[in-house]
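Student: I'm new to this one. Could you walk me through how to read it?

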Amino acid sequence: MNFPPPSGATDPTPRQHVATSRAIGRAPVSSIPEHLANEFFFAGHDDRTGKPLLHPAALTLGLAAALLAELHGAGRITFDDGDVRVTNPRPPQDQLQTLVDRLITEGHTQTRTWLAFVATSAYDHVAGRMSQLGLVQPQSSGLLRRGKRYAPTDPNKAFWAWARLSMPLSSFKPLDRADVPLASLVWATGLHTRVLQFAPGGTTAFLEQQVQRADPVLRNLVDDLRAAVGDAVLCRTS
Amino acid sequence: MSHAASDTVSGALARNRLGAVAVMFIVLAAAAPLTVVGAGVAIAFAVLGVIGIPVAYLVVAVVLAVFAVGFVAMSRRIVNAGAFYTYVTHGLGRPAGVAAAMVALLAYSAMQCALYGGVGLILASFVGGPFPWWAYALLVWMLIAVLGQLRVDVNGRILAVLLLAEITILIIYNAVMLTHPADGQISFAALSPSHIVTAGSGAALVAAITGFVGFEGTVVFAEESKDPRRTVARATYAALTVTGVLYALSAWAMTVATGPDNIVEAARSTDTDLIFALVAPHVAPIFVTVGLTLIITSLIAAVGAFHNTLTRYGYALGRERVLPAMFQRTNTTTGAPYVSSLAQSGLALCVIIVVAMVSDDPMLHLFFWGATTGGAGVLILMTVTSYAVVSFFARHRREETLWRARIAPVIASIVLTGILAAALADFDVLLGVAPDSPLRWVFPGAYGVAALVGVVWAMVLRATKPDIYATIGRGANVDTHRTASPSPVTQPV
């Protein structure tokens, strides 16, 4: 996949965006972390080099799901058996919203369509947002240094996305409720096989139990994400 | 769902998706036209001993096109549309679906193993040297196994260039053969429709179907094509037309070059080199070398395509937990379903080794028996699938036309059943064994056993794991409680 440069230019006020999304909308309807996509971005990349740990389809779909989950957390959309319903049509103006507006205006209601469409720019969106916040640093990589990677500026912060899942899961302790959404995304994209690679046997089954604890609306999104990632494995077109 | 003409979302999503030409190239690579003509046709003449092979290809192309009408229409309505067993599950129930899955695994495995044998044998005769065929087969096996693990797909453009080169060289060969007829005049004897009702026609039809296996892969892209309503249908019919015409033309040209009465004898004396032996006296040696090289690349592409098909089946069945859950494991960084890929690489390795140890004629025992048995398995799958399409549309006709939902599927069911019955009656001819040989029952019987295993396993799942039983046929969509296709976004016209 081609990772273009951070699109900070099109999103000049990320801090403001964060504050806005907190202020506008109803009270959060579920305990979804405000920056779930950032957490998933950290989890999906090497904590030092920023090398992606997931194949592009799973990574971009996972980020798209994280962004949609953030919108759900902000009370703007909800998921209902494969469909997206808009609960608050007056959201803040940011780059993600222009995508959402297009989906709404053109009458798309299926979660799979939303995931696929948001996935086309989710990587740039999240990487750009994190660069603006100083969480990652764009770097050249690969042959001829033409590729682009986003290395975490603080590896410890990046590693925490893994540790908060792998530590309790490895000792079969229930996850913190706030970590269930991230765990759900990690599970649905297949990233758990990396996160739990040194964990004892049976950890994956325990993770699946933990994922069941997510609220039903989020489960709905996660099921569609898992199906989308699976279909991408079955039918790779890129 | 209807979308306005200014549907930018659909446009953006369609940009990364495949058009009809791209889909056609992908499935034609699996069909490996030069291999079918270079090796399949010659060996079919030799083993079956009939001259009606060209007309069999034409008949099969038409039958498969009629089958494809309902098949493609149904592919738009279901999830996991890339696998025959999904159609059977929706149309005829879950036990039949699992039975179809087992038959499919066996049929495609037979096909893949046959191609490993074919590529080994052709490489051995082309390169020569001290190594036996199985050494070359293992070399290709290693290449495919590694590519499957890394999920390195051969670039679509390379496949397209190779395919176009194959077609070009076949057209040149055909021109050479038709301009050098045996008795100084072109004979149309091999194209006489009377051949399809003569003895051995069932075997000839199965041998012909074998050449088309892979065309059904278009529906894998039902959800990933630019325009699901048209792309898959166009690609399917285009693939059937290109291969049907090419196979029939080439097989007929061979009978012209040898004279219709001599084709069987010529095929028996030259084996897979028939087409090259026929053109060699009339063209520069480079044309033969290029043809032999392309036959090898086409075989490698085909074996890779069957590897992918089997890997997909294993992964989807693992997702549903019909096969052990480990089959759904993927490599995180490449997305390769590595367990499914490894499992069938292991199986193919065993088959190559066993055949190398016991067989004195691997061209017949591995390549031809494997390919025709695989073709017969795919014929069984298509027959059952056509019943499933009829049954499905009896309940969910919705906005499909009468032709797509009823007439074509019913015709396909009847004709495919007839071909299947003729094939079973002719299986001794198909294998080239004596009429009283037990082998004529062993090969088709293996599919019966596979189907029985599938039905029993489905029953066990229903009794012990009803939640798994409920999700059979959903592939990657096991968690979404959805069986209908998520009506993929269509591209604005």
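Student: Leaving aside its neighbours within four places in sequence, which residues is B:Y57 in contact with?

Tutor: Keep in mind that this is a predicted model. Once neighbours within four places in sequence are set aside, B:Y57 is in contact with B:V36, B:V41, B:A207, B:A208, B:F212, B:Y247, B:A248 and B:A251.

Student: And how do I read a nonpolar core?

Tutor: Here's the general idea: in soluble globular proteins, nonpolar side chains tend to be buried together. In this model the largest nonpolar core has 172 residues, and B:I53 and B:Y57 have the most contacts inside it. Helix α6 of chain B, residues 94-127, supplies the largest share of that core, with 18 residues. There's also a second, separate core of 70 residues, with A:L67, A:L99, A:L135 and A:L169 among them.

Student: What about the place where the chains touch? How much area do chain A and chain B bury between them?

Tutor: Interface size is often given as the accessible area lost when the parts come together. Here chain A and chain B bury about 3,100 Å² between them, with 51% of it on carbon and sulfur atoms. The contact draws 35 residues from chain A and 40 residues from chain B.

Definitions and conventions. Residues are numbered from 1 along each chain as its sequence is written. Chains are lettered from A and ligands numbered from 1 in the order in which they are written. This is a predicted model: local features need pLDDT of at least 70, side-chain atom pairs count only at pLDDT 80 or more; totals for chains, interfaces and linings use all residues. Side-chain values use heavy atoms; hydrogens and water are left out. Contact means heavy atoms within 4.5 Å. Buried area is the accessible area (1.4 Å probe) that two parts lose on being put together, summed over both. A nonpolar core is a set of buried Ala, Val, Leu, Ile, Met, Phe, Trp, Tyr and Cys residues joined through side-chain atoms within 4.5 Å. Buried means under 20% relative accessible area, exposed over 50%, partly exposed in between (1.4 Å probe, protein chains only). Helices (H or I, at least four residues) and strands (E, at least two) are DSSP runs, numbered from the N terminus.
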